Number of protein chains: 2
Amino acid sequence: MDTFKVMELKQSIFDDNDIDAEKLRSELKEDRTFLLNLMSSPGSGKTTTLKATIANLKDKLRIGVMEADIDSDVDARTIEETGAKVIQLHTGGMCHLDADMTRQGLKGLGTGEVDLAILENIGNLVCPAEFDTGAVKNAMILSVPEGHDKPLKYPLMFSICDVVLINKIDVMPYFDFSLEKCREYVLRLNPNAKIIPISARTGEGVSEWTDWLLAEVNKWNGGEA
Amino acid sequence: MDTFKVMELKQSIFDDNDIDAEKLRSELKEDRTFLLNLMSSPGSGKTTTLKATIANLKDKLRIGVMEADIDSDVDARTIEETGAKVIQLHTGGMCHLDADMTRQGLKGLGTGEVDLAILENIGNLVCPAEFDTGAVKNAMILSVPEGHDKPLKYPLMFSICDVVLINKIDVMPYFDFSLEKCREYVLRLNPNAKIIPISARTGEGVSEWTDWLLAEVNKWNGGEA
């Protein structure tokens with residue numbers, strides 16, 4: 001039943017990832033493919049959020065997902081059940097993807113056939129923040145059990161994201177998590193960040209997120225900057 | 001009230017970290033200092049677990065803590081309240097510590113005066129697993145909200161740890177977490193791993209962990225291998 005591909009990524013040969021990432025964005029613009037880079041800690045709910053995202057958007061957009069992992073194909077199997085196109089990327093131990101590795105994944109996925117390509121990056125708040133993948137927008141998930149102080153400890157990640165999803169708000173009563181403090185810490189680093197509290201499990205808040213995403217995809221693919 | 005030091009670590013100049021890590025362990029043996037390397041994802045409860053650990057052992061051992069972070073001194077402030085000796089280490093963006101960076105931290109802490117030195121490594125399940133810090137034992141925390149599938153996705157981390165603490169068991173009823181499956185996945189990778197379910201917040205299970213740690217410290221400092 002392995003209908004999805006597993007692809008072993010090669011390390012990039014490019015010296016300047018920033019230049020290569022800009023080049024990839026131009027290629028995506030020509031292909032009319034919007035690339036979203038989704039990042040978070042391990043276990044903050046990237047895959048569950050993706051499932052909820054696909055459920056809301058699958059009738060409006062052709063969606064393809066790249067599941068990047070050190071190892072395993074657990075997430076790709078989960079995404080496959082949604083009916084979305086999916087490819088599993090193995091980084092061979094590397095803690096992040098750069099633009100060329102992302103390009104390899106997009107080729108494997110076949111971008112000509114998707115309006116929205118989503119990269120589920122390696123679960124890590126450090127390394128993925130340092131490498132532009134060529135994505136049109138960066139989003140991250142911080143889950144309630146991780147604590148509201150994470151922006152103080154991983155400032156680069158919170159600085160480079162266009163959207164910060166605060167996930168698992170359904171378990172808020174069982175944790176000492178201050179949404180107010182979290183907002184304050186994020187906005188201090190990144191005044192333009194869009195902060196959306198959600199529960200991927202119950203669906204609360206998810207449509208605010210997918211409405212934003214759909215509008216951004218339509219802007220990009222419709223030719224706006 | 002900043003009684004703890006903040007130290008900016010320099011990148012190592014050694015080619016072979018494995019050799020340097022063995023050398024550091026010999027130095028620690030001579031100093032009668034036990035070094036524990038504590039790893040986990042961001043937000044799995046390393047600092048809260050450390051507080052509970054210090055509370056149980058502070059009358060039996062002289063404890064020093066190294067709080068490694070990309071940025072901020074949030075955790076060092078928390079540990080300072082326990083009365084334990086603490087130093088904040090900044091890695092300058094690096095996602096892990098190697099043996100030489102750990103040695104710099106130990107010098108800052110002053111190992112002659114501690115029986116047990118604990119390194120709270122960068123919150124990350126990927127990079128810290130790849131570098132021997134020179135620790136006598138490696139421990140990691142997986143928290144219930146992260147999910148029981150994490151050993152499948154971050155196998156190296158679970159393979160190199162002597163102890164896996166399953167934290168936040170007090171919120172088990174609110175998450176789909178199977179302790180049985182988690183045990184099975186960990187032991188498949190690492191048959192000798194000691195798995196201890198705890199709640200650092202309520203104190204449940206913590207004494208099993210600190211009893212094990214105390215015995216290991218006494219073995220090492222008493223001269224046994």
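Asp75(B) and Lys153(A) are both buried, and in this predicted model they form a salt bridge whose closest N and O atoms are 2.6 Å apart. Since Asp75(B) belongs to helix α3 of chain B and Lys153(A) to helix α5 (residues 150-153) of chain A, the pair joins two chains. Across the interface of chain B and chain A the rule finds 4 salt bridges, and the count of residue pairs in polar contact between these chains is 9. On the side of chain B that touches chain A, the elements giving two or more residues are α3 (74-80) and α5 (150-153) of chain B, with α5(B) giving the most, 3 residues.

The interface as a whole brings 32 residues of chain B into contact with 32 residues of chain A, and the two chains bury about 2,500 Å² between them, 58% of it on carbon and sulfur atoms. Within chain B, the residues that lose the most area to chain A are Pro42(B), Lys153(B) and Tyr174(B), which together account for 23% of what that side buries. For the complex, the predictor gives an ipTM of 0.87 and a pTM of 0.91, while chain A averages a pLDDT of 93, with 97% of its residues scoring at least 70.

Asp75(B) also has a neighbour within its own chain, for it is among the residues touched by Thr47(B), together with Thr78(B), Ile79(B) and Glu120(B), when residues up to four places away in sequence are not counted. Thr47(B) lies in helix α2 (residues 46-57) of chain B, and because its relative accessibility is 10%, under the 20% limit, it counts as buried.

Salt bridges also occur within the chains, and the structure holds 34 of them over all chains. In chain A, the side chains of Arg62(A) and Asp115(A) meet at 2.9 Å, N to O; Arg62(A) lies in the loop between α2 (46-57) and β3 (63-69), and Asp115(A) in the loop between α4 (99-109) and β5 (116-120), so the pair ties together parts that are 53 residues apart in sequence. Arg62(A) is partly exposed at 46% relative accessibility, whereas Asp115(A), at 17%, is buried.

In chain B, a salt bridge of 2.9 Å, N to O, forms between the side chains of Arg25(B) and Asp132(B), linking helix α1 (residues 17-31) to the loop between β5 (116-120) and β6 (137-143), 107 residues apart. Arg25(B) is buried, with a relative accessible area of 15%, and Asp132(B) is partly exposed at 26%.

Technical notes
Residues are numbered from 1 along each chain as its sequence is written. Chains are lettered from A and ligands numbered from 1 in the order in which they are written. This is a predicted model: local features need pLDDT of at least 70, side-chain atom pairs count only at pLDDT 80 or more; totals for chains, interfaces and linings use all residues. Side-chain values use heavy atoms; hydrogens and water are left out. pLDDT is the predictor's confidence in each residue, from 0 to 100. Helices (H or I, at least four residues) and strands (E, at least two) are DSSP runs, numbered from the N terminus. Buried means under 20% relative accessible area, exposed over 50%, partly exposed in between (1.4 Å probe, protein chains only). Contact means heavy atoms within 4.5 Å. Buried area is the accessible area (1.4 Å probe) that two parts lose on being put together, summed over both. A polar contact is a pair of N or O atoms within 3.5 Å; within protein, one must be able to donate a hydrogen and the other to accept it, and residues adjacent in sequence count only if both atoms are side-chain atoms.
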